[in-house]
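Open the model in your viewer and keep the selection tool at hand.

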Amino acid sequence: MKRTGRREKYLYYKRQATPYILLAPILLFVSLFLLWPMINVFVMSVQEYRLLKPDERHFIGFQNFVTVFTEDKVFMKAIKNSVVWVAVSVAAQTILGFWLAYLLNQKFKGRGLYRALVLSPWAVAGVMVAIIWSLIYGETFGVLNDLLLKLGLIDQNISWFSDSTRAMTAVIIANVWRGIPFFTISYLSALAGISDDIYESARIDGARTMVTLFKITLPMIKDTIVITTLLRSIWTFNAVDLINTLTGGGPNNATMTMPLYIMQKFKLEYNYGYASALAAIASCIMMVVAFTYIKIGKLGKEEMY
């Protein structure tokens, strides 16, 4: 009886421990390559730490954060630019991505080919996208200026990156072109999961296209919309390749976003302490926005219509 009790006890604890043993390698990997670097960033954020002056590294408390909020004029401009950059880009990508997915979900000849063409920009690297759009926006050799001149819409070449508004508009358009396929793929998958019987019942009841769109289609893919816009917002906020290659944050910091500003402080000025403080602030902002958006979007919760 004792042996049987011990064996049952052993098997019980073994079953309880198995999930944690299987998760241990992943937890160790995450700790080494995610949690520790994040902790290290917060540690450096409370230090005076310049790479070119390693002997002067010392603890200064929250002085870096005080400087950011009281003296750094570029910081507030970068926050404002980041809001515009993310909000306009993601909104345009969501609307155009859903529109394309809605069209490509219909049955017509050559649908597979059109789907492949629409999704192709997603396979292009960020730097390559910047090069393509540099050739489009070029002042002296750009395709866009040449087209506008031939159409008679302008009488001289436009420098698209010399004006604040034009520069931000230009990089947003390039980013929208790059991000549409992500939404199209996601929405195509979600739309394919809606049964045709639901639409057939709606048509029998006399529901028009706009009614089925807002009362059936959108509510049924709500979770997909919430998660895709959240993910794309995070990716867009953290993206530096496109803006850095096209404008470098100019002119006069008109396209300077938070991640690009952090990168410049880190890689150009080697001010690791100040860059870490900026990174900590950016991380906190994104976490608050993400949790708030999930709460407002009621991700995973069914709604009655």
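Select Val41, Ile262, Ala279, Ala280 and Ser283: of the 19 residues lining the largest pocket, these lie nearest its centre. A pocket here is an open set of points on a 1 Å grid over the protein atoms alone, where a 1.4 Å probe fits, with protein on both sides within 12 Å along at least five of seven lines; lining residues have an atom within 4 Å of a point. This is a predicted model, in which local features need pLDDT of at least 70 and side-chain atom pairs pLDDT 80 or more, while totals for chains, interfaces and linings use all residues. Numbering starts from 1 along each chain as its sequence is written, and side-chain values use heavy atoms, without hydrogens and water.

The largest pocket holds about 530 Å³, a volume being the space filled by probe spheres set on the points, which are joined across faces, edges and corners.

Next, colour the helices (DSSP runs of H or I, at least four residues, numbered from the N terminus). H1 (2–44), H10 (222–238), H12 (258–267) and H13 (272–297) each supply at least two lining residues; H13 gives the most, with nine.

Move to helix H3, residues 73–104. Its 32 residues at 1.5 Å a residue should span 46 Å, and the end C-alpha atoms are 46 Å apart, so the two agree; the expected span is 1.5 Å times one less than the number of residues. At the start of H3, show the side chain of aspartate 72: one of its oxygens comes within 3.1 Å of the backbone nitrogen of valine 74.

Finally, select residues 79–293, listed by UniProt in an unreviewed entry as "domain: ABC transmembrane type-1". The span is 75% helix and 0% strand, with its end C-alpha atoms 18 Å apart.

Notes: A polar contact is a pair of N or O atoms within 3.5 Å; within protein, one must be able to donate a hydrogen and the other to accept it, and residues adjacent in sequence count only if both atoms are side-chain atoms. UniProt positions are given in the numbering used here, feature names are shortened, and annotations may be inferred rather than shown by experiment.
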